[in-house]
Amino acid sequence: MATINPYLIFNGNCEEAFLFYQSVFGGEFPYVGKFKDMPAGDNSSTLSEEDENKIMHISLPISKDSVLMGSDSNSASGDVVFGGNISISINTESKAEADKLFNGLSAGGNPFMPMNQTFWGAYFGMFVDKFGIHWMVNFDENEK
């Protein structure tokens, strides 16, 4: 069965925010990636030095079943408007479940990043549904 986690987008202060959240919840970051860590060809060559040092992805487990996740926006994606800076991240148990949920929830919406293998080892996609809600669908093969 799929699990759902909040995904927060920041305008350059993601690391500061997550260090604060860590001071409240405790725990360790299993992953912290910056845009400069992206392989060549994944938009990394078009990023400014400032954008390269922003957070591409960070996660902080806050309970047995919940993970707070986040990233910074960059000049390519533009500044986020608060209120529109939260996505629902669904973690699935299989590629088939990921495809089913992605295709079903994105129907009539804007699937701007189709499901695909990523450099970090996940099968991942993003979309805005027909009601304006931002979603991320993820199947992490490394956890199986």
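Here's a quick briefing on the salt bridges in this structure. Keep in mind that the model is predicted. Side chains of opposite charge can pair when their charged atoms come close. Searching the whole structure turns up three salt bridges.

**Glu15 and Lys34**
- Glu15 pairs up with Lys34 in a salt bridge, and their closest N and O atoms sit 3.7 Å apart.
- Glu15 belongs to helix 1 (residues 14–25) while Lys34 belongs to strand 2 (residues 31–34), so this pair ties together parts that are 19 residues apart in sequence.

**Lys54 and Asp51**
- Another salt bridge joins Lys54 to Asp51, with 3.2 Å between the closest N and O atoms.

**Glu141 and Lys95**
- Glu141 makes a salt bridge with Lys95, and here the closest N and O atoms are 3.9 Å apart.
- You'll find Glu141 in the segment after strand 8 (134–140) and Lys95 in helix 3 (residues 95–106), so the pair ties together parts that are 46 residues apart in sequence.
- Glu141 is partly exposed, with a relative accessible area of 33%.
- Lys95 is partly exposed too, and its relative accessible area is also 33%.

Notes
Residues are numbered from 1 along each chain as its sequence is written. This is a predicted model: local features need pLDDT of at least 70, side-chain atom pairs count only at pLDDT 80 or more; totals for chains, interfaces and linings use all residues. Side-chain values use heavy atoms; hydrogens and water are left out. A salt bridge is a side-chain nitrogen of Lys or Arg within 4 Å of a carboxyl oxygen of Asp or Glu. Helices (H or I, at least four residues) and strands (E, at least two) are DSSP runs, numbered from the N terminus. Buried means under 20% relative accessible area, exposed over 50%, partly exposed in between (1.4 Å probe, protein chains only).
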